[in-house]
Amino acid sequence: MKKINQILSAAMLSCLAMASSAQTKPAELKIGITTFLSGPASVFGVPAKAAAEILIDDINSQGGIGGVKLSATYIDEGVGADKMLSEYRRVVQEQGVKTMISAISSGNCNTVAPVAEDLKVLNIAWDCGTEKLLEEKRYQYVVRTQGNATTEMVATVLYLLKTKPEFETIAVVNQDYAWGRDSWEIFINTLRVFKPNVKVVAEMFPKMGAADFSTELSRLQALKPDVVLNTSWGGDLDTFVRQASQRGVFSQNTLFVLPLLESSLERLGAAVPAGVIAGARGDHYFLHPDTKNDPKHKAFIEKFRAKTNAYPIYSTYHMAQALVGLKTGYEKAIKANGGKWPTTEQVAEAMRTMEFKAFGHPVRMRADGQGLEDQLLGLTKRVPEFPFAVMDKMMIVPAEMVTTPVGQKSPEWVKTIKPAILQNPNLKMVDYK
């Protein structure tokens, strides 16, 4: 009898272990997506929602993920952090959402990350740039399917030095909040590795949402710096560029460096002259030299233009990376789980050891949840094919060269970069067409 009881106990333990790793396959995979649907940041938040709708329809038409179709709920980040967070909690706790794709705002990313840990919900940071998200804390449920501010700023410095190595002065005009000041700190720390004697002639931080940049533009016209950096985005960047164009600031002998300009090129039209350094916040662009003729990329562009009457911008590509990354993570976890539906924890773990490809080069995820995403930059050019500037002299910077290693902090790590990195043969430029 004792032996029978031991056998029964062992069998029960085995069943419990199997039950703990085997989840019931849901009727649908509910996901929550936060994006700016109102306010100045909606200029790339709304296109991102359109991209999500296209991509989710595509995934569902192909059978979903592991035979389960996706169902999305959208939350407006434009309502403010407190209300957005309240909605975040509601869709998780009341609607049973297990996966959140959040957020655009760096502040919102830092806010939702600890909440995701408390709620034990997978959170894919899909567009926020703050390097601090995954450098200052280690999370189990939070991953990012794109690069970060360090990757973007270091790549921008390399492109600047490849484009105009001989300059002596620089000015910055950045939004007065964490992104504006943090991106400048990373940029200037990196630049001083290569040019320790560069002179910063002005540091200007106008408030977010500023409608008038006349003070800043007047200073730039008076100082005539060799280089001007502006890492603003959305409506702020659009306003700055339009006013700079109207004032003739672009016509002086100054190289403007706008790492987030790609998303504004079509909206700004003729306001963007030739010869401005533009960044794409990652390895994606509708005229990407390596993927513009890829059938899947071309199909996405056509569907997006049919839906929005515009070309895709970086936020739409980041949304694609989040959804393709989610699908890849689930499929990897399902396979590792013997074909059974995985737990949230298993998916979060799988996403740290995978590689996936959306419409640019492959993105490789690493143990801290950070995605390694190459960076594409170019020099604006006016061409007859488009009523807006496009990127010429495009350079793709490999992510491994410009991403802070696991366990290190960006502001200090960038100071250790070796100037010889500029001689890397991968740093080559490709002409438009």
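Trainee: What makes D182 and K132 a salt bridge?

Mentor: A salt bridge is a side-chain nitrogen of Lys or Arg within 4 Å of a carboxyl oxygen of Asp or Glu. The closest N and O atoms of D182 and K132 are 3.3 Å apart, so the pair meets that definition. D182 lies in helix 7 and K132 in helix 5 (residues 132-135), 50 residues apart, and the pair links distant parts of the chain. Helices (H or I, at least four residues) and strands (E, at least two) are DSSP runs, numbered from the N terminus.

This is a predicted model, in which local features need pLDDT of at least 70 and side-chain atom pairs count only at pLDDT 80 or more, while totals for chains, interfaces and linings use all residues. Residues are numbered from 1 along each chain as its sequence is written, and side-chain values use heavy atoms, with hydrogens and water left out.

Trainee: Why is D182 called buried?

Mentor: Buried means under 20% relative accessible area, exposed over 50%, and partly exposed in between (1.4 Å probe, protein chains only). D182 has 14% relative accessibility, so D182 counts as buried. K132 has a relative accessible area of 31%, so K132 is partly exposed.

Trainee: How do you know that R366 and D368 form a salt bridge, and are they buried or exposed?

Mentor: Their closest N and O atoms are 2.9 Å apart, and they form a salt bridge. R366 is at 13% relative accessibility and therefore counts as buried. D368, at 5%, is therefore buried too.

Trainee: Why are strand 8 and strand 9 called paired?

Mentor: Two strands pair if DSSP finds at least two bridges between them. Strand 8 (residues 227-229) and strand 9 (residues 255-258) have 3 bridges, in the parallel sense, so they pass that cut-off.

Trainee: How confident is the predictor, and where is pLDDT under 50?

Mentor: pLDDT is the predictor's confidence in each residue, from 0 to 100. The protein has a mean pLDDT of 94, and 95% of its residues reach 70 or more. Over residues 1-21 pLDDT stays under 50, and the model has 4 contacts (heavy atoms within 4.5 Å) beyond four places in sequence for them.
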